[in-house]
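Thanks for asking me to look this one over. My notes follow as numbered points, with the model on display first.

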Amino acid sequence: YMYAYPNLTALGGDCANFVSQCMLASGIHYQNDWYVYRKNENYAKPTNVSQLNNTWELADPSPWISAKQFKKYWEQHVTTYTYKASDIIANPSLAWNLNIKTGDVIQLASKTIFGNVGDAWHTMYITGYTTTSGNSTYSLTYHSNETLNKSLIDICNSNSDSYLVFFKVI
């Protein structure tokens, strides 16, 4: 956690905030509604929206801190690919053969009652590559459950009913 950014673990999750920080550090500059600014030092780790708004300036709603809003914002600005996690489990090369690399982003999204991709609920940053069960795959790092270099295939196995949205940001 960097003091220059809010720690949002007490507000339901820090994944989009963490990935946004990683993207900024990799050279993606603030733009449109994707930004965060510290106004004062009152609440580095806000526990409610009032504290967040007191200390931090963000768009409302904010793609910087919300997985749902991150998806809505970035799918309008970069190339995306969407697959069912169950399809990647059955054929890991679907993900591996995409034009995605270290520094890009993957989100987990829900499935609607009609079976289509719904809102994103988790955001992860590609930090490397690994092999799982003999298949090449991505290593993902994320907050909310602080995790370093977890295999995409393992994430798919734990979330087989979800969709994965791949963002080509780099």
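1. A term to settle before we start: a residue is called buried when its relative accessible area is under 20%, exposed when it is over 50%, and partly exposed in between, using a 1.4 Å probe and protein chains only. By that rule Lys168 is buried, since its relative accessibility is 16%. Please keep in mind that this is a predicted model, in which local features need pLDDT of at least 70 and side-chain atom pairs count only at pLDDT 80 or more, while totals for chains, interfaces and linings use all residues. Residues are numbered from 1 along each chain as its sequence is written, and side-chain values use heavy atoms, with hydrogens and water left out.

2. Let us take the sheet next. Helices (H or I, at least four residues) and strands (E, at least two) are DSSP runs numbered from the N terminus, and two strands pair if DSSP finds at least two bridges between them. Six strands make up an open sheet, with antiparallel pairing, in the order β3-β8-β4-β5-β6-β7. The edges belong to β3 (79–84) and β7 (147–151); each has a single partner strand, so one side of each lacks a neighbour in the sheet. From one strand to the next, the twist averages 35 degrees.

3. Five bridges join β4 and β8 in the antiparallel sense. If you look for the bridge partner of Ala109 in β8, you will find Tyr163.

4. The buried ones are Cys15, Ala16, Asn17, Phe18, Val19, Ser20, Gln21, Cys22 and Met23. Taking contact to mean heavy atoms within 4.5 Å, the buried residues of α1 pack against α3, β4, β5 and β6 (135–142). Just after α1, Gly27 has a positive phi of about 115 degrees.

5. How does α1 lie on the sheet, and at what angle to β5? Axes here are lines fitted to C-alpha atoms, for helices over the stretch in contact, and angles run from 0 to 180 degrees between N-to-C directions. On that basis α1 lies across β4, β5 and β6 and runs at about 55 degrees to β5. Helix α3 also packs on the sheet, where it touches β4, β5 and β8, and its direction makes about 85 degrees with that of β5.

6. Helix α3 (residues 67–74) is mostly covered too, with six of its eight residues buried. These are Ala67, Gln69, Phe70, Lys71, Tyr73 and Trp74. Their packing partners are α1 (15–25), β4 (105–111), β5 (117–132) and β8 (163–168).

7. Where the two helices meet, the axes of α1 and α3 come within 8 Å and cross at roughly 45 degrees. Angles under 35 degrees count as roughly parallel, over 145 as roughly antiparallel, 65 to 115 as roughly perpendicular and the rest as oblique, so α1 and α3 are oblique to each other. From α1 the contact uses Cys15, Ala16, Val19, Ser20 and Met23, and from α3 it uses Ala67, Phe70 and Trp74. Sorted by class, that gives seven nonpolar, one polar and no charged residues. For this sorting, Ala, Val, Leu, Ile, Met, Phe, Trp, Tyr, Cys and Pro are nonpolar, Asp, Glu, Lys and Arg are charged, and the others, Gly among them, are polar.

8. How many salt bridges does a search of the whole structure find? There are three, a salt bridge being a side-chain nitrogen of Lys or Arg within 4 Å of a carboxyl oxygen of Asp or Glu. One of them joins Asp119 and Lys68, with the closest N and O atoms 3.7 Å apart. Asp119 sits in strand β5 and Lys68 in helix α3, so the pair ties together parts that are 51 residues apart in sequence. Both are partly exposed: Asp119 at 38% relative accessibility and Lys68 at 35%. Leaving aside residues up to four places away in sequence, Lys68 touches Asp119 and Ala120.

9. Another salt bridge joins the side chains of Lys71 and Glu75 (3.4 Å, N to O).

10. Finally, the side chains of Asp104 and Lys168 meet in a salt bridge at 3.5 Å, N to O. This pair links distant parts of the chain, with Asp104 in the loop between α5 (93–96) and β4, and Lys168 in strand β8, 64 residues apart. Asp104 is buried, at 0% relative accessibility.
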